[in-house]
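Morning, everyone. Please bring up the sequence and the model, and I'll walk you through them.

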Amino acid sequence: MKSPLLWLGAALVAVQALAALSAPWLAPFDPNAQDILARLARPGLRHLLGTDNFGRDTLSRALFGYRTLFAVSAASVAIALTIGGGIGVWAAWRGGWFDRVAMRAMDVLFAFPVILLAIGVIAVLGPGAVGTAIAIGVVYTPIFARTLRAPTLLLKNTDYVAAARAIGATDRRIIRLHLLPNLAPVILVQTSLLLSTAILVEASLSFLGLGTQPPTASLGRMLSESRSFLTFSPWPAVFSGAAILLAALGFNLLGDGLQDRLDPRLRSRG
Amino acid sequence: MLRAILARAAELGVVALGVSILTFLMIHLVPGDAAQLILGAEDVSPEMLAETRRQLGLDQPLVVQYALWIGRALRGDFGVSVSTGQPVIGEIAGRVGVTAELTVLALAVAILLAVPAGCLMATLRSSVSDYVVRVLSIIGITIPSFWLGTLLLYGASAAMPGMRLVGYVAFAEAPLANLQRMILPTIALALPVVASLARVVRAAMLETLGQEFIRVARAKGLGEPRVIFRHALRNALIPFITSAGIAAGYLFGGSVVVEQVFALPGLGRLMVGAIAERNYPLIQASILLATFTFVAVNFVVDLLYIAADPRARDA
């Protein structure tokens with residue numbers, strides 16, 4: 001195999017996405033069902049990853065937590081890609097004042113520290129999954145705008161785009177048929193890398209109590225809650241954090257590997 | 001050189017203006033009225049509401065409101081905290097030191113570990129060291145610092161049951177106790193950054209080591225340590241400056257979360273509490289001050305870059 005890290009990333013993403021999708025069928029218990037007699041159980045045959053202080057099954061909660069984590073992260077990156085990507089491509093294509101104003105606005109958004117801007121947006125929208133998805137979407141909008149603007153500028157001046165224009169193709173047609181297919185590798189790489197960090201930001205915000213609210217299972221909140229009984233049973237803390245790490249790691253390896261594979265010019269030298 | 005500095009300052013000035021406008025507008029996007037929020041109760045008379053709105057300046061046009069707000073903010077007046085009635089600036093001043101200390105300690109530790117590690121990795125020059133540093137940096141980027149902190153806390157309390165590891169003691173009161181309690185949060189915050197900074201040092205070092213003046217230095221018969229630390233490192237550090245600046249911002253954001261793990265009374269915990277109380281003046285002021293600091297740090301990083309690299313002076 002030429003790039004083992006890429007394949008490891010793809011496998012991690014595939015397995016975890018599958019686990020999240022089939023959580024209702026895979027989970028051995030209801031994620032909120034309390035088994036008081038089996039409180040703070042170690043990993044064992046009945047509870048494969050142990051239980052928390054209410055006797056809730058760690059594996060089942062983690063599987064449902066994956067659903068929330070992936071859903072919120074995917075929604076946030078989709079928001080950022082649509083708005084930020086749209087702004088970046090359109091700014092490069094139109095040029096002129098729209099380009100200058102839009103990119104300055106992106107500079108402003110980019111100036112905020114990620115967590116602080118997210119906290120600010122959540123302060124406006126209120127804590128919860130929807131607020132978190134929009135908050136992370138806003139934070140990542142300038143990143144997509146910047147990463148798509150530069151290649152669009154290069155493509156804009158290619159001969160085949162000039163040819164398309166010469167035969168009278170509309171802006172929409174050129175962007176759809178000539179720009180987007182060529183931007184696809186950049187979009188794919190950036191989406192994968194940002195999903196990786198979106199997962200970490202979602203988990204951070206949930207850990208702070210600002211993300212997904214109870215009773216929806218959330219890995220970040222699970223880790224936060226597990227700190228209160230850490231000395232009695234560290235397992236829920238260990239496994240919920242490991243799940244967050246594996247989710248972020250999968251997308252990062254995938255994005256990093258795709259970057260090497262799809263664009264040799266971007267191949268990292270380090 | 002002056003031109004490059006002024007151009008960058010003008011750019012950042014525009015960004016700072018935009019940041020202040022956006023932070024100001026944020027409070028106007030909040031559902032409900034700030035006056036209603038402050039009065040609290042649902043059944044306030046319309047006259048009282050109108051009076052409070054007038055006092056807060058909410059009856060003025062938005063532009064006037066912004067001008068008044070930023071004018072007061074520049075003089076350090078961010079209004080009073082909704083929950084305590086105390087000036088917001090005082091509450092922030094009491095907390096920001098913790099976050100700043102944690103960020104600076106973590107950045108210092110990360111740099112002190114990353115530079116020698118990156119140099120070492122560059123001298124090994126094998127595909128194995130490339131692989132190791134790459135995998136470690138990816139794991140570092142993706143490891144949740146609050147998880148690492150939680151595990152460190154568990155490990156340390158198991159290993160040293162008697163030691164007090166959480167909570168905060170001011171450095172001015174008891175420097176040793178302060179540093180002792182900052183050890184774990186600093187490690188949790190710094191460790192994930194070390195590998196990615198080391199990767200930057202390694203790449204820059206490898207590029208520098210391939211250049212003519214290094215061959216000259218070696219041809220003169222200088223020892224390898226002297227070649228690396230005296231000749232190559234100074235050049236290799238130029239791209240590192242930018243990466244360290246980015247890391248500073250990342251560590252600041254991370255410290256907001258790590259504070260929660262170690263029960264440190266910093267800005268992060270202040271802001272999280274403020275959201276629950278809908279304490280908007282406090283949130284607004286924290287975001288504005290932190291972002292301005294962040295922009296200023298970026299400016300300093302740019303200045304360092306211009307000072308270190310003569311080629312950047314003509315940009």
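Confidence first, since this is a predicted model. Chain A has a mean pLDDT of 85. In that chain, 94% of the residues reach 70 or more. The exception I want to flag is residues 266-270 of chain A, where the pLDDT is below 50. Beyond near neighbours in sequence, that stretch has seven contacts in the model. Where pLDDT is low, predicted coordinates should not be read in detail. Please treat those seven contacts of residues 266-270 accordingly.

Next, the fold of chain A. The C-alpha trace of chain A spans about 75 × 50 × 35 Å along its principal axes. Chain A has 270 residues, and 50% of them count as buried. Now take the contacts in chain A with a separation of 6 or more: 70% of them join residues 24 or more positions apart.

On to the contact between the chains. Chain A puts in 40 residues, and chain B puts in 39 residues. Which helices of chain A supply at least two residues each to the side that touches chain B? They are α4 (96-111), α5 (114-125), α8 (171-207) and α10 (235-262). The most comes from α10(A), with nine residues. By type, the side of chain A that touches chain B divides into 27 nonpolar, eight polar and five charged residues.

Now the core. The largest nonpolar core has 153 residues. Four of them touch the most other members: A:Ala118, A:Ile199, B:Leu197 and B:Val201. Helix α10 of chain B, residues 224-261, gives the most to this core, with 17 residues. As background, nonpolar side chains tend to be buried together in soluble globular proteins.

Let's zoom in on A:Ala118. What does A:Ala118 touch, leaving aside residues up to four places away in sequence? The partners are A:Ala135, A:Ile136, A:Val139, A:Val201 and A:Leu205.

Last stop, a contrast to the core. Is helix α9 of chain B, residues 212-219, largely in the open or buried? None of its eight residues is buried, so α9 of chain B lies largely in the open. After α9(B) comes B:Gly221, with a positive phi near 95°.

That's my tour. Questions, please.

Technical notes. Residues are numbered from 1 along each chain as its sequence is written. Chains are lettered from A and ligands numbered from 1 in the order in which they are written. This is a predicted model: local features need pLDDT of at least 70, side-chain atom pairs count only at pLDDT 80 or more; totals for chains, interfaces and linings use all residues. Two residues are in contact if their C-beta atoms, placed from the backbone, lie within 7 Å. Helices (H or I, at least four residues) and strands (E, at least two) are DSSP runs, numbered from the N terminus. Ala, Val, Leu, Ile, Met, Phe, Trp, Tyr, Cys and Pro count as nonpolar, Asp, Glu, Lys and Arg as charged, and the others, Gly among them, as polar. A residue is buried if 20 or more other C-beta atoms lie within 10 Å of its own, exposed if 12 or fewer, and partly exposed in between; C-beta atoms are placed from the backbone. pLDDT is the predictor's confidence in each residue, from 0 to 100. A nonpolar core is a set of buried Ala, Val, Leu, Ile, Met, Phe, Trp, Tyr and Cys residues joined through C-beta atoms within 7 Å.
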